[in-house]
Amino acid sequence: MKKLIKNVIIRIAEIFKLNISDSVLDGITQFIMFAIVGVTNTLLSYILNIIVLLLLRPCALSWDYVAGNVVAFLLSVLWSFYWNNRVVFTRKEGQHRTLWKALLKAYAAYGITGIVLSNILSWLWISVFHISKYVAPLINLVISVPLNFIINKLWTFKADKKP
């Protein structure tokens, strides 16, 4: 998949007569791979969120969207971590990454954007702007996705110092 994406980027660059370096090509490829994982993660997160909202509907809870965000967070972070670790932020030869340490960093990073930020934004969209609680999680993505890429690249999946 990564090779296919690189080839497509190279062909597009050739069409537009752009000369891109290997490091730029690698960065664009990595971002596209992150986006692909992100799309699957977003779908999973949204589906889980809606399932929780539907399951809690008979309870008529005013905070059902918080429960939806929490469940979606816990399960989608595992999904995202697995695929980002395997295909996006791969280690180079000689690099070391402690898997459990990276997983804890992922939960911390996504905790900031997936729980704290998401719930604050959800409250804002739902309570202040009266946007549907079914649409609010989608709006949150515009802010959280770019932030997550930066945090994952620079912190979560950064190689450990020599063991």
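Rings of Phe, Tyr and Trp (for Trp, the six-membered ring) form a pair if their centres lie within 6.5 Å; planes under 30 degrees apart count as stacked, over 60 as edge-to-face and the rest as tilted. By that rule, a search of the whole structure turns up 10 aromatic pairs. What you're looking at is a predicted model, where local features need pLDDT of at least 70, side-chain atom pairs count only at pLDDT 80 or more, and totals for chains, interfaces and linings use all residues. Residues are numbered from 1 along each chain as its sequence is written, and side-chain values use heavy atoms, with hydrogens and water left out.

**The overall picture**

- The chain has 5 helices and 0 strands; both kinds of element are DSSP runs, numbered from the N terminus, with helices being H or I of at least four residues and strands being E of at least two.
- Read from the N terminus, the elements go α-α-α-α-α.
- The C-alpha trace spans about 55 × 45 × 25 Å along its principal axes.
- Of the 163 residues in the chain, 36% are buried (buried means under 20% relative accessible area, exposed over 50%, and partly exposed in between, with a 1.4 Å probe and protein chains only).
- Take the contacts (heavy atoms within 4.5 Å) with a separation of 6 or more: 72% of them come from residues 24 or more positions apart.

**Aromatic rings**

- Start with Y82 and W83: their ring centres are 4.9 Å apart and their planes sit at 90°, so this pair is edge-to-face.
- Y82 is partly exposed at 41% relative accessible area, and W83 is partly exposed too, at 31%.
- F89 and F157 make a stacked pair, because their ring centres are 5.1 Å apart and their planes are at 10°.
- That pair ties together parts that are 68 residues apart in sequence, because F89 lies in the loop between helix 3 and helix 4 (99-128) while F157 lies in the segment after helix 5 (136-156).

**Charges and salt bridges**

- Side chains of opposite charge can pair when their charged atoms come close.
- The structure has 3 salt bridges, each being a side-chain nitrogen of Lys or Arg within 4 Å of a carboxyl oxygen of Asp or Glu.
- K6 and D26 meet in one of them, at 2.6 Å from N to O.
- This pair links distant parts of the chain, with K6 in helix 1 (residues 2-15) and D26 in helix 2, 20 residues apart.
- K6 is partly exposed at 26% relative accessibility, and D26 is partly exposed at 38%.
- R11 bridges to E14, with the closest N and O atoms 3.3 Å apart; both lie in helix 1, 3 residues apart, or about one turn of the helix.
- R11 is partly exposed at 46%, and so is E14 at 48%.
- D64 and K133 also pair up, at 3.0 Å from N to O, and the pair links distant parts of the chain: D64 in helix 3 and K133 in the loop between helix 4 and helix 5, 69 residues apart.
- Here D64 is buried at 4%, whereas K133 is partly exposed at 28%.
- Looking at charge as a whole, the mean positions of the 17 positive and 6 negative charges are 4 Å apart; Lys and Arg count as positive, Asp and Glu as negative, and His and the chain ends are not counted, with each charge placed at NZ of Lys, CZ of Arg, CG of Asp or CD of Glu.

- N85 sits in helix 3 (residues 64-88) and counts as buried at 19% relative accessibility.
- Leaving aside neighbours within four places in sequence, N85 is in contact with T90, R97, L99 and F157.
- D64 touches V52, L53, L56 and K133, again not counting residues up to four places away in sequence.
- A35 is in helix 2 (residues 22-56) and is partly exposed, with a relative accessible area of 34%.
- A35 and P146 are 111 residues apart in sequence, and in space they are 9.6 Å apart, C-alpha to C-alpha.
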